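Student: I have a structure to look at and several terms to sort out. Can we go through them one by one?

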Amino acid sequence: MRVAIASGKGGTGKTLIATNLAWTLARRGAEVAYLDADVEGPNGHLFLRPVFSSVVRHAVHVPEIAGEGCSACGLCEQACVFSAIVAIDGGVRVFPELCHSCGVCVRGCPEQALVEVPHESGSLRQGHAGDARFVDGLLDVGEPRAAPLVQAVCGQWTGVSYSIVDAPPGTSCAAVAAVDGADLVLLVCEPTPFGLHDLELSVEMCRSLGIEIMALINRADLGDDSVRAFLEAEGVPLLAEVPFDREIAQACARGVLASTSVPSFASVIDAVAGMLTKRNGSSGS
Amino acid sequence: VREIAVISGKGGTGKTSLTAAFVQLSPRCLAVDADVDAANLALLLPGEDGPRRAFLEGRRAVIDPRRCSVCGACSEVCRFGAIRRTSHGFESDPLHCEGCGACAQVCAEGAVGFRENQAGVWRVRTTSWGSLIHARLAVAQGNSGKLVAHLRREAKELAQRQGDQLLLLDGPPGIGCAVHATITGVDYVVVVTEPTESGAHDLARALDLVAQFDIPAGVILNKADLNPEGADLVEQAARARGVPMLGRVPFDPRLPRALAAAQTGLEIEGTREPIQAAWDTLCRRVWGKEQGDDEMAVPRQPDCREACGTCQPEGMARHRRQP
């Protein structure tokens with residue numbers, strides 16, 4: 001079962017929940033993979049402190065002129081809707097940062113002068129953190145396109161009992177890539193007007209993708225009741241509430257798993273893990 | 001018009017509340033909410049919204065079932081998994097389609113057409129502190145960078161018409177395309193972070209990105225008193241990159257409730273003073289003395305044709321220092 005931990009707003013506690021949930025499930029004896037898909041700012045490794053066994057470079061495919069065949073006809077430039085290839089000075093110039101790897105230019109070249117070559121955009125790191133498998137993606141600084149690396153991260157360890165995806169914030173392509181194909185999205189929200197506004201967008205995103213949603217409210221006592229009212233009106237089950245606690249905040253700040261140091265928090269996460277176990281058992285997957 | 005972008009690397013560090021406070025402190029400022037995925041600045045700057053305007057960008061494939069011969073060639077070439085088999089042929093899913101046209105290229109029946117894509121809506125709000133341009137990206141859109149670039153073009157025009165001196169951009173988290181579109185060609189970048197390992201880690205990546213764009217930057221440490229070791233990590237990350245600290249704002253548990261009442265922290269004694277101090281330091285960095293001086297302490301960034309490296313190759317090439 002794949003569970004994505006997501007939120008529209010940044011800094012709501014996605015990584016706090018995802019890392020502790022993965023650790024708790026592993027401690028309960030389940031086969032778990034933690035997948036950090038927040039490739040622009042992956043922080044899960046700061047808490048799970050994995051031992052990496054492999055780091056491979058991730059590449060997207062971009063066009064390149066091969067040989068002498070290019071007649072500088074400009075058809076590739078016309079065909080590219082992303083303005084990533086420009087016919088210039090009797091040849092073409094490719095802007096890998098703009099390319100979406102769609103392959104249209106290569107297929108449309110009458111001289112067959114274009115080939116696709118790899119363009120490195122980040123690293124895919126794998127290892128283990130205790131009994132849990134650990135994967136994260138680290139987008140190269142300066143690379144604009146996060147989504148292909150997010151997909152690469154989410155494609156790892158699809159066969160384990162639980163894969164916990166730590167999603168990037170937002171509702172655009174990288175966030176969609178992280179929740180797409182999940183069996184369940186757990187939305188981490190805060191009970192503030194910001195939190196409510198961004199929660200509404202996240203719910204809309206998940207619903208348009210047809211994914212089941214549950215919610216968890218973090219820093220539940222620092223705000224108002226509007227998020228609870230919204231969840232109830234929308235029929236989104238509220239799985240748990242985590243109160244603001246300086247001890248949790250300090251554990252987060254120091255890169256300590258809060259489940260190991262704050263018992264009240266550990267019992268909340270244990271209850272969430274128990275719910276997932278029950279669901280996974282009853283669905284038979 | 002000078003442009004200052006506020007970004008953070010890590011989300012939830014307090015970009016939006018600090019940006020709103022800066023808008024309120026600045027005379028003749030035009031604010032832009034460039035976090036179009038999760039735009040929250042309008043919640044702190046109440047006012048009167050102008051008409052909603054559509055942002056049309058790109059296209060989406062539409063397969064005509066009457067012409068489709070169900071050969072499946074389109075679904076084989078689609079790199080985005082957007083074309084799916086249904087009970088009555090093939091369909092393109094607009095949430096996954098990027099409008100590249102590969103399907104139309106291979107369709108022997110000419111069954112693939114395109115429709116214009118509405119990628120979002122935007123509007124101008126009039127507030128007591130000046131204008132605010134804010135937007136909402138349509139759900140699951142891949143082009144937040146282009147919407148940001150569009151908002152910046154509109155904002156520049158409006159600022160020139162109104163005689164605003166400053167464009168203040170509330171940026172998105174991360175270091176990807178929407179952040180590139182936010183910082184390309186701005187005069188100064190403020191990175192707001194928090195005293196945690198995660199904050200320091202993501203700060204370092206954000207500062208490295210800003211350095212690639214060759215833009216001067218400063219750091220504001222928010223919730224500064226929550227964790228001394230984290231604060232050290234943040235200050236080290238900034239120092240190692242030769243980036244100055246602009247200010248330190250302490251954590252105040254009253255702030256979330258203040259924000260809920262559309263306050264920015266300037267109303268709270270003990271929070272107002274450090275925010276004001278950070279703003280003054282920022283102004284000295286950008287304008288030399290205080291806002292309004294024509295002589296800038298930092299050189300003016302050259303104008304980018306499209307203000308967005310991600311959609312204009314020339315703009316990208318001009319602004320980016322090769323890593």
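Student: Why is Phe244(A) called partly exposed?

Tutor: Its relative accessible area is 22%. Buried means under 20%, exposed means over 50%, and partly exposed is in between (1.4 Å probe, protein chains only). So Phe244(A), at 22%, counts as partly exposed. Before we go on: this is a predicted model, where local features need pLDDT of at least 70, side-chain atom pairs count only at pLDDT 80 or more, and totals for chains, interfaces and linings use all residues. Residues are numbered from 1 along each chain as its sequence is written, chains are lettered from A and ligands numbered from 1 in the order in which they are written, and side-chain values use heavy atoms, with hydrogens and water left out.

Student: What makes Phe251(B) count as buried?

Tutor: Its relative accessibility is 17%. The limit for buried is under 20%. So Phe251(B) is buried.

Student: Why is the pair of Phe244(A) and Phe251(B) called stacked?

Tutor: Rings of Phe, Tyr and Trp (its six-membered ring) pair if their centres lie within 6.5 Å; planes under 30 degrees apart count as stacked, over 60 as edge-to-face and the rest as tilted. Here the centres are 5.6 Å apart and the planes are at 25°. Phe244(A) lies in a loop of chain A and Phe251(B) in a loop of chain B, so the pair joins two chains.

Student: Why is the pair of Tyr34(A) and Phe134(A) tilted?

Tutor: The ring centres are 5.3 Å apart and the planes are at 35°, so this pair is tilted. Tyr34(A) sits in strand S2 and Phe134(A) in strand S7 of chain A, 100 residues apart. Strands here are DSSP runs (E, at least two residues), and helices are runs of H or I with at least four, numbered from the N terminus.

Student: How do you know that Tyr34(A) is buried?

Tutor: Its relative accessible area is 0%. Phe134(A) is also at 0%, so it is buried too. Ring pairs link Tyr34(A), Phe52(A) and Phe134(A) into a cluster.

Student: What makes Arg136(B) and Glu204(A) a salt bridge?

Tutor: The rule asks for a side-chain nitrogen of Lys or Arg within 4 Å of a carboxyl oxygen of Asp or Glu. The closest N and O atoms are 2.9 Å apart. The rule finds 3 salt bridges across the interface of chain B and chain A.

Student: How many residues does each chain give to the contact?

Tutor: Chain B gives 62 residues and chain A gives 63 (contact: heavy atoms within 4.5 Å).
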